[in-house]
Amino acid sequence: TLTRIMAAISLILGVALLSSILFPSLWLLLLGEKYYHLESEVPLAVLAPSLFVLGAVVSTATMSLGNTSKQYYVAIAGLAAQLLYILSLEERFDLHNALMINIAINSVVLITHAVLLVRAYRLHTWQPAPLPREGE
């Protein structure tokens, strides 16, 4: 069930991202003509929250397995990504850079949540080896 939910959410977000790449002007209609010049930024503006949603879904999946330890890694990874991106900037901080830092943070957080999910799944499904019976 969890796999199906994650697949459905990923499909919906994938369609939204694909539509933002193929038809950015339709997305800008929602904002109004004042923003028509931002057509190249639309896919980034859709990708950033999509990564956040995926990270939240993976985090929820991890918690549903009853494992909430090591969550501090998510904060450390997110802060490290933010710091590294800001330090790498050589130009002014504009909308493109704001979206890119958001994508960087959400990507690192998503990856960290995915690693914690794999860990939680392994802990959840691990069974100790049966003890040998006397005489065996």
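User: Which element gives the largest share of the lining of the largest pocket?

Analyst: The largest share, 4 residues, comes from α2. Helices are DSSP runs of H or I with at least four residues, numbered from the N terminus. This is a predicted model, in which local features need pLDDT of at least 70, side-chain atom pairs count only at pLDDT 80 or more, and totals for chains, interfaces and linings use all residues. Residues are numbered from 1 along each chain as its sequence is written, and side-chain values use heavy atoms, with hydrogens and water left out.

User: What makes a residue part of the lining of the largest pocket, and which residues are they?

Analyst: A pocket is an open set of points on a 1 Å grid where a 1.4 Å probe fits, with protein on both sides within 12 Å along at least five of seven lines; lining residues have an atom within 4 Å of a point. Those residues are W27, L28, L30, L31, Y35, L38, E41, V42, A45, V46, L95 and L99.

User: How many residues of each class does this lining have?

Analyst: The lining has 11 nonpolar, no polar and 1 charged residues. Ala, Val, Leu, Ile, Met, Phe, Trp, Tyr, Cys and Pro count as nonpolar, Asp, Glu, Lys and Arg as charged, and the others, Gly among them, as polar.

User: Why is L22 called exposed?

Analyst: Exposed means over 50% relative accessible area, with a 1.4 Å probe and protein chains only. L22 has 53% relative accessibility and therefore counts as exposed. L22 is found in helix α1.

Methods. Helices (H or I, at least four residues) and strands (E, at least two) are DSSP runs, numbered from the N terminus. Buried means under 20% relative accessible area, exposed over 50%, partly exposed in between (1.4 Å probe, protein chains only).
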